[in-house]
Amino acid sequence: MSENESVHASEAQIAVHWQEEELYYPSAEFVAQANMPDPAMHARFNLDNFPQCFKEYADLLSWYQYWHTMLDTSDPPSWKWFVGGKINASYNCVDRHLPKYRNKAAFIYVPEPESEAHIVLTYQELYNRVNEVAHILRDFAGLKAGDRVTLHLPMVLELPITMLACARLGVIHSVVFGGFSGKSCGERIADSGSRVLITIDGYYRSGNLLDHKVKSDEAIQTSENQGQVVDKVLVWRRHQGKSASESPMIEDRDYFMDQLLEDHSGKTVEPVPMPAEAPLFLMYTSGTTGKPKGCQHSTGGYLAYVTGTSHCIQDIHPEDVYWCMADIGWITGHSYIVYGPLALAATSVLYEGVPTCPDPGRPWRIAERLNVNIFHTAPTAIRMLRKAGPEEPAKYNYEFKHMTTVGEPIEPEVWRWYYDVVGKGKAVIVDTWWQTETGGFLCSTTPAIQPMKPGSTGPNVPGIHPVIYDEDGKELERGSRKAGNICIQNPWPGAFQTIWGDHERYISTYYARYNKDPDSKDWRDWPYFTGDAAVLAEDGYYRILGRIDDVINVAGHRLGTKEVESACLEVPEIAEAAVVPLADEIKGKVPDVYVSLRPGYEASKEIEHAVEAAIETNIGKIARPKHVYIVPDMPKTRSGKIMRRVLAAISNGQDIGDVSTLANTEIVESVLEMVQGQQG
Ligand code: WTA
């Protein structure tokens, strides 16, 4: 093992080893109604039919101008899909449904407090509201196609409405997850070059009305420090006419949306026909360095891909009631709450709060009341609901036909509870593996055609052709039982176009690893590197083991270890910090933090708390560590690199392996003692 490898502590290395599992088959009833019951579909999407196969997805959309070139590969790895095409995402998600579905619900909004009434937003009303907001963005905020705007909003109807208003104008939205700190938001404002921030006064979370607007003050300060001035802050209000925030409104900068709307009521805005290749949005995600990457997604390719996969894999019909519990602030929400489902004229449930509020029966009560039949969530939520209320689903009279899991590997035992208890043994499950960068699903069973296997994501979805390489670029065959780096051989329309402002990093992170000829114009020479480790079974099913890089997947959300480490270093007493993934019963993985102090300081509870607080302010509560260990020194190689692998093994109670080459072997023993003592 090279030194470089030995200092890494990846999720894949601490993955659990599972046995082969039995297969589960979809019911005849499910197959009979499925959008994609045709086993020939995978053959239609094989590599011989690449890239023309994707016409099938593009034809689910309405184009102002049909494209002339399916895929332009003249400048690898910048793939251009549907070249020559003109399209508008807002038109496809809203306007085109009006003749048939004007009075059908697009969204049914469920506020967290059970005492507040549901809000039903029909397609007609969605159209009205998107138009009014687009009018404000264009005529009041002066935004036009190609401008970026940052949305720091929680799960409220105003979030998809504002996104679609941006899309209507060709304005590029950058949604920052509501739970992120003001500082995180500010860094994303600066990186994207937004001069408008759209936020809300407050929202409900775990029974409390949180002050959210207060974060905008810090966001704007952070952004200004980085040279980007915000000249308008548009503030939605959770309860019209009342303010849930202590933060003052700044004159000539901050405006309440409900007040602005008084002048824009009933206004309409023609959707702007955008080139297929125009960016639709940015979505920031964590990578190996401290700076989050703004993944830039296209309009035509992205929309075609999420619509196609919502149709074939999510099996969404306009008659269904679909509920994806993800937050719209993550890619799952963008692709599989907003763009894919709305393009198919779905009826979606939008839930404001946490699934266990006020009790773990809440999701099943909502499902019963609204007749939800497609349910979409993540292993962390499934584990939490299973722990808090294993018997709850049986008490409610709902019936799912289809359920999704996404975001991290699901343990077979948890999968079986999802299948037997939540799905009542009737619903199919798709375990969808994909990433912020990939726009939509990469691997999953196609539910009416392929059986399920607990713990495996499944085979590839149509048109995606994965390959697993070892460190030397040799392909690992089916059934080899060896884990390697899973890559995708071919481009696909949902793939992101670049990292905003850093095309070099796009190439080096995702395409350089297995490219042998940087001058090649052949897409076959540019496998997409996912950063995940995987094993391919004899039957063609992939099992994902986790990240091989410095990313920790916490409850399905990506955190860069470097981001967390640099937050720790903001505490003046801290000399060095190392963050490793710790396996967690509910969240999958959580960060475990090791810090050493500068000379002259003593370990104390205050320092531990200061480290926790720094992480919360710099990133947000989701990054909160399980432990903060103040160690006398870090285990280090002779060249001075921190051995995160050793720390990860200690945190997870695993074999530490050979430490004889360390510069300071004696430190391992004392760190081990300290951790065993504190974990008790
Ligand atoms: C992990 C979320 C196993 C994986 C859509 C990936 C999964 C990272 C699965 C991307 C799954 C996602 N099984 N692992 N079904 N889905 N992952 O960008 O490590 O937030 O690289 O996108 O989550 O996380 P991201």
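## Salt bridges across the chain

A salt bridge here is a side-chain nitrogen of Lys or Arg within 4 Å of a carboxyl oxygen of Asp or Glu. By that criterion, Glu 114, Asp 359, Arg 362 and Arg 365 are linked in a network of salt bridges. The structure is a predicted model, and a search of the whole of it finds 44 salt bridges.

One of these salt bridges joins the side chains of Arg 129 and Glu 158, with a nitrogen-to-oxygen distance of 3.2 Å. Arg 129 belongs to helix α7 (residues 123-140) and Glu 158 to helix α8 (residues 158-169), so the pair ties together parts that are 29 residues apart in sequence. Glu 158 has a relative accessibility of 15% and therefore counts as buried.

Because Asp 550 lies in the loop between β25 (542-547) and β26 (551-554), while Lys 562 lies in helix α18 (residues 561-568), the pair ties together parts that are 12 residues apart in sequence. Asp 550 counts as buried at 12% relative accessibility, whereas Lys 562, with a relative accessible area of 32%, is partly exposed.

The side chains of Asp 584 and Lys 626 also meet in a salt bridge, at 3.3 Å from N to O. This pair links distant parts of the chain, 42 residues apart, with Asp 584 in strand β28 (residues 574-584) and Lys 626 in the loop between α19 (605-618) and β30 (628-630). Here Asp 584 is buried, with a relative accessible area of 16%, and Lys 626 is partly exposed, with a relative accessible area of 46%.

## An open antiparallel sheet

Four strands form an open sheet in the order β21-β22-β24-β25, and their pairing is antiparallel. The edges are taken by β21 (466-469) and β25, each of which has a single partner strand, so one side of each is left without a neighbour in the sheet. On average, and with direction ignored, neighbouring strands of this sheet are turned by 45 degrees against each other.

Strands of a sheet pair through backbone hydrogen bonds, in either a parallel or an antiparallel arrangement. In this sheet, strand β22 (residues 484-488) and strand β24 (residues 528-536) run antiparallel and are joined by 4 bridges. Gly 484 has Ala 534 in β24 as its bridge partner.

## Thr 530 within strand β24

Thr 530 is found in strand β24, and with a relative accessible area of 2% this residue is buried. The side chain of Thr 530 reaches the backbone oxygen of Ile 486 at 2.6 Å, and it also reaches the backbone nitrogen of Asp 532 at 3.1 Å. Not counting residues up to four places away in sequence, Thr 530 touches Trp 433, Gln 435, Ile 486, Cys 487, Ile 488 and Arg 547.

## Surroundings of the ligand

The ligand is surrounded by 18 residues, of which the closest are Asp 431, Thr 436, Asp 532, Arg 547 and Arg 558. A polar side-chain atom of Thr 436 lies 2.6 Å from an oxygen atom of the ligand, and an N or O atom in the side chain of Asn 553 lies 3.0 Å from a ligand oxygen atom. On the backbone side, a polar backbone atom of Glu 408 is 3.4 Å from a nitrogen atom of the ligand.

## Two buried strand residues

Ser 78 lies in strand β2 (residues 78-83) and is buried, with a relative accessible area of 13%. Its side chain makes a polar contact with the side chain of His 503 at 3.3 Å. Leaving aside neighbours within four places in sequence, Ser 78 is in contact with Asp 72, His 503 and Tyr 506.

Val 580 lies in strand β28, the strand that also holds Asp 584, and Val 580 is buried, with a relative accessible area of 0%. Apart from residues up to four places away in sequence, Val 580 touches Ala 9, Ile 552, Val 590, Pro 591, Asp 592, Tyr 594, Arg 644, Leu 647, Ala 648 and Ser 651. Val 580 and Pro 409 are 171 residues apart in sequence, and their C-alpha atoms are 18 Å apart in space.

How values were computed:
Residues are numbered from 1 along each chain as its sequence is written. This is a predicted model: local features need pLDDT of at least 70, side-chain atom pairs count only at pLDDT 80 or more; totals for chains, interfaces and linings use all residues. Side-chain values use heavy atoms; hydrogens and water are left out. Buried means under 20% relative accessible area, exposed over 50%, partly exposed in between (1.4 Å probe, protein chains only). Two strands pair if DSSP finds at least two bridges between them. Axes are lines fitted to C-alpha atoms, for helices over the stretch in contact, and angles run from 0 to 180 degrees between N-to-C directions. A polar contact is a pair of N or O atoms within 3.5 Å; within protein, one must be able to donate a hydrogen and the other to accept it, and residues adjacent in sequence count only if both atoms are side-chain atoms. Contact means heavy atoms within 4.5 Å. A residue is near a molecule or strand if one of its heavy atoms lies within 4 Å of it.
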